[in-house]
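Hello,

Here is the model I promised to pass on. Please open it first, then read my notes below.

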Amino acid sequence: MILVTAANGNQGKLLIPRLFEAGIPVRASVRSESSAETLRASGVTDVIVGDLADAGVLERAVRGVDAIYHVGPTLSPSEREVGFAIIDAAVAAGVNHFVMSSVLHAITTDLVQHEIKRDIEEHLLSSGLDFTILQPTNYMLAHRLKPAFERRVFELTWSLDRRQSLIAPEDIAEVAALVLGDLEHHVGATYELASAGRYTAHDLADIISRVVGRPVVAGEIDVDTFAGRIFANIDPGEKEYRLRAMHAISARYSSNDFVGNPNVLTWLLGRTPTTWEQFVSANFAAVTSEAMA
């Protein structure tokens, strides 16, 4: 059995169906009952609900599993604590293999969440567990396309002229499923994952324009303005931490490119990784179909 943390998140909801299709039993860990209900409705029967920072919840989650796929609570002040704790719990429970979803260039310590993931990677390397580490670059995310589709503006919270590499969450899930289905083949591996292309915001907006058939421009949005849209109803302490992390992202990405190489992802998938244009096209088709329904 494989434990998947953050099981209703960007990766988990794409990964779990792949594991089911491969006949691999899954235990899902989520923080809220609403997420648990969503997973149960999709056929997941073994669901642990609660914060993994709670020792009791963590002990139940790791008990009896063969491997763990850990996606940490990014932009949460408890991410480092949870990462260390789940690795230690895995050792104590006799888990055979620990697969960690980290981040591309975790060594970039002026990024808050990168420094945390770097520390967790080091703790994993020192644990004695068999391990695999996935280091994906920035996600292609559907919610970032909504302003582009509706208002013809593609927004980022950093310099529009800096370049970035991207990856589709579906490609990460496919790699994770490949690894979890053949763990012995991937022991000790650290994989940098990025699709092809190194894009400025203007490049990304131009591709969106081509897909939707009308002009879309890139626009830089202030971090605090953007955060006000999405963090309105969260705990003040957590909001403060998230803002600090987002300001660090904005500062780093405004002064340096954040790019990777597609070779490893291509080798693992055995195909060309999903491109930004393919991702935009699929999401635009979905939005158009919903509008016509």
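Leu75 is buried, with a relative accessible area of 18%. The cut-off for buried is under 20%, so Leu75 qualifies. Please keep in mind that this is a predicted model. Leu75 sits in the loop between strand S4 (67-71) and helix H4 (79-93). Its backbone deserves a look. Leu75 is not a glycine, yet its phi is positive, at about 65°. Most residues other than glycine have a negative phi.

His105 also has a positive phi, here about 55°, and is not a glycine. His105 belongs to the loop between strand S5 (97-101) and H5.

**The chain as a whole**

Now the overall picture. The protein chain holds twelve helices and eleven strands. For 293 residues, a compact globule would have a radius of gyration near 19 Å. The protein chain has 19 Å, so the value agrees with a compact globule. Along the principal axes, the C-alpha atoms fill a box of roughly 55 × 40 × 35 Å.

How much of the chain is buried? Of its 293 residues, 52% count as buried. The exposed surface comes to about 13200 Å². Carbon and sulfur atoms supply 51% of that surface.

Take the contacts between residues at least 6 apart in sequence: 75% of them join residues at least 24 apart.

On charge, the protein chain carries 25 positive and 37 negative charges.

**Salt bridges**

How many salt bridges does a search of the whole structure find? The search finds 16.

- Glu33 and Arg40 meet through their side chains, at 2.6 Å from N to O. Glu33 is partly exposed, at 40% relative accessible area. Arg40 is partly exposed too, at 38%.
- Asp171 pairs with Arg271, with the closest N and O atoms 2.8 Å apart. This pair links distant parts of the chain, 100 residues apart. Asp171 is in helix H7 (residues 169-180). Arg271 is in the loop between helix H11 (263-269) and helix H12 (276-292). Asp171 counts as buried because its relative accessibility is 1%. Arg271 is partly exposed, with a relative accessible area of 31%.
- Glu277 pairs with Arg210, and their closest N and O atoms are 3.0 Å apart. Glu277 lies in helix H12 and Arg210 in helix H8 (residues 201-212), so the bridge ties together parts that are 67 residues apart in sequence. Glu277 is partly exposed, at 33% relative accessible area. Arg210 is exposed, at 52%. The cut-off for exposed is over 50%, so Arg210 passes it.

The Asp171 and Arg271 pair also belongs to a network of salt bridges. Which residues are linked in that network? They are Arg18, Asp171, Glu174 and Arg271.

**A buried lysine**

Lys117 is in helix H5 (residues 112-125). Why does Lys117 count as buried? Its relative accessibility is 4%, and buried means under 20%. What does Lys117 contact, leaving aside neighbours within four places in sequence? The list is Thr74, Glu79, Met100, Ser101, Ser102 and Val103.

**Around Leu141**

Leu141 lies in the loop between strand S7 (138-139) and helix H6 (146-151). Leu141 counts as buried because its relative accessibility is 18%. Not counting residues up to four places away in sequence, Leu141 touches Asn10, Pro169 and Phe279. Leu141 and Leu166 are 25 residues apart in sequence. In space, their C-alpha atoms are 9.7 Å apart.

**Where to look in the viewer**

Start with Leu75, which has the positive phi of about 65°. Go on to Lys117 in helix H5. Then find the network of Arg18, Asp171, Glu174 and Arg271. Finish at Leu141 and its contacts Asn10, Pro169 and Phe279.

Best wishes

How values were computed: Residues numbered from 1 in each chain as written. Predicted model: local features only at pLDDT ≥ 70, side-chain atom pairs only at ≥ 80, totals over all residues. Heavy atoms only, no water. Helix = DSSP H or I, 4+ residues; strand = E, 2+ residues; numbered from the N terminus. Rg over C-alpha atoms; globule rule 2.2 N^0.38 Å. Buried < 20%, exposed > 50% of the residue type's maximum accessible area, 1.4 Å probe, protein only. Contact = heavy atoms within 4.5 Å. Areas by Shrake-Rupley, 256 points an atom, 1.4 Å probe, with all protein chains shown as cover. Lys, Arg positive; Asp, Glu negative; His and termini not counted. Charge placed at Lys NZ, Arg CZ, Asp CG, Glu CD. Salt bridge = Lys/Arg side-chain N within 4 Å of Asp/Glu carboxyl O.
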